[in-house]
Amino acid sequence: MSKLQKYLAKAQEQAPRKEIEVVIDGDAWKVRQLNLSELRECERMADKGEKTDWFLYNDARLVKATEHDFPWNQEELKKAYKVGSKYELVEKIFRDNPDGYTQLLQAVRQVNAGQSEEEAIEEAKN
């Protein structure tokens, strides 16, 4: 199989991702590893020129790591919390539960530990 054929075949595959589960207030949250595109999107979102919005970066990573399990972009949910985007929803949902937010963020960090852009590129090459 040539390199071209190999990558054409890979284009249709879903790469398996690590996933961990965290229980917050009796609810199980599935947190999965972010892929390279998701990591880049989170970084671009938080990049404010000379300054990085670390709150937005963390909220974006949390959303991306759990959106396969939780409907962050559900319109009714956004209206109920009076937000415009799913990334603003994180703060509102966990407003009175900072420990739950911290647990989820730690799970995001744990499942993505060692997952820098360079490592993701190397992994994709193999």
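Where is the place of asparagine 58? Select asparagine 58 and its helix, α3; helices (H or I, at least four residues) and strands (E, at least two) are DSSP runs, numbered from the N terminus. The model is predicted, so local features need pLDDT of at least 70 and side-chain atom pairs count only at pLDDT 80 or more, while totals for chains, interfaces and linings use all residues. Residues are numbered from 1 along each chain as its sequence is written, and side-chain values use heavy atoms, without hydrogens and water.

Asparagine 58 is buried, at a relative accessible area of 13% (buried is under 20%, exposed over 50%, partly exposed in between; 1.4 Å probe, protein chains only). Beyond its neighbours within four places in sequence, asparagine 58 is in contact with Tyr101, Leu105 and Arg109 (heavy atoms within 4.5 Å).

Next, show α2 beside α3. They pack at about 150°, with axes 8 Å apart; axes are lines fitted to C-alpha atoms over the stretch in contact, and angles run from 0 to 180 degrees between N-to-C directions. The two helices are therefore roughly antiparallel (over 145 degrees). Select Glu38, Glu41, Cys42, Glu43, Met45 and Ala46 of α2 with Leu56, Tyr57, Ala60, Arg61 and Lys64 of α3 to see the contact.

Finally, go to the largest nonpolar core, which has 27 residues: buried Ala, Val, Leu, Ile, Met, Phe, Trp, Tyr and Cys joined through side-chain atoms within 4.5 Å. Val31, Trp72, Val90, Phe94 and Leu104 have the most contacts inside it. Elements supplying at least two residues each include β1 (19-24), β2 (27-32) and α6 (98-111). Centre on tryptophan 72: among the residues it touches, leaving out those up to four places away in sequence, are Trp29, Leu62, Val90 and Phe94.

How values were computed: Parallel < 35°, antiparallel > 145°, perpendicular 65-115°, else oblique.
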